[in-house]
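Here are some notes to read alongside the structure, written as numbered points. Please keep the sequence and the model open while going through them.

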Amino acid sequence: MKMKFIVLFLFFVFNAKSVAQCEIKNRVQADGSMIYYFEPTAFYTTKTKSLKINIVTDKEHYFVALQPTPFPDKKEGKKIKDDLVIHLTDNKTYKLAHYDTQYRRNDSIMQVLYLIDAKDLDAFSNYEAVSAEINMQGTEFVRSYNFKLHKNAIVEQLKCFIKKEEN
């Protein structure tokens, strides 16, 4: 009886964890379109800067959304137009096209969206992120991040989206 309880308990713990990891949220954009996303995950944190990343989709395109801290004020931040360079564990470098820079929650969060090319979706679904370089115009030259935290979050989030679309 005690063993059945332990097995049942472990089943619920691991099942709840897998459900929570695929908790897709949605939000209506100003133009009336719907986007789907995950809560941002910390990829890099120090006393002076941090970077949170999540995947966003409109069910047609997939985007890597970056939330860097500190971030430039709105006037300077809207000038960010350069592409994101990201390195995956397949030892390849990928360039993601800048899509949009947004300021949210009364300008307390800056989010920059980069489009994942359809031909690179398979790589992003299978290989962890290692590092990224972002040109934060107006603040410093290029910010480089060597990811230490949650390097597999992009893979997990893309797999959740793809699995959800298949069902």
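**Notes on a strand, a pocket and a disulfide**

1. Before anything else, please keep in mind that this is a predicted model, and that the points below describe what was computed from it.

2. Which strands are joined to S5 by bridges? Strand S4, residues 50-57, runs antiparallel to S5 and is joined to it by eight bridges, while strand S8, residues 109-116, is also antiparallel to S5 and is joined to it by five bridges. To follow these pairings residue by residue, look at asparagine 54, which stands opposite alanine 65 in S5, and then at valine 64, whose bridge partner in S8 is tyrosine 114.

3. Strands S4 and S5 form a hairpin with four residues between the strands, and within this hairpin lysine 59 takes a positive phi near 70°.

4. The second largest pocket deserves a separate look, and the space in it comes to about 150 Å³. Its lining includes Val56, Asp58, Phe63 and Leu113, together with Tyr99, Asp100 and Gln102. The element that gives the most to this lining is strand S7, residues 93-104, with three residues. Sorted by class, the lining of the second largest pocket has five nonpolar residues, three polar ones and three charged ones.

5. How many disulfides does the structure hold? There is one, and it is formed by cysteine 22 and cysteine 160, whose sulfur atoms are 1.8 Å apart. The angle about the S-S bond is -75°, and the link of cysteine 22 and cysteine 160 is left-handed. This pair links distant parts of the chain, 138 residues apart, with cysteine 22 in the loop between helix H1 (2-21) and strand S1 (25-28), and cysteine 160 in helix H4, residues 153-166.

Notes: Residues numbered from 1 in each chain as written. Predicted model: local features only at pLDDT ≥ 70, side-chain atom pairs only at ≥ 80, totals over all residues. Heavy atoms only, no water. Pairing = 2+ DSSP bridges. Helix = DSSP H or I, 4+ residues; strand = E, 2+ residues; numbered from the N terminus. 1 Å grid on protein atoms, 1.4 Å probe; cavity = no way out; pocket = protein on both sides within 12 Å on 5 of 7 lines; lining within 4 Å. Points joined across faces, edges and corners; volume = space filled by probe spheres on them. Nonpolar A, V, L, I, M, F, W, Y, C, P; charged D, E, K, R; others polar. Disulfide = S-S within 2.5 Å.
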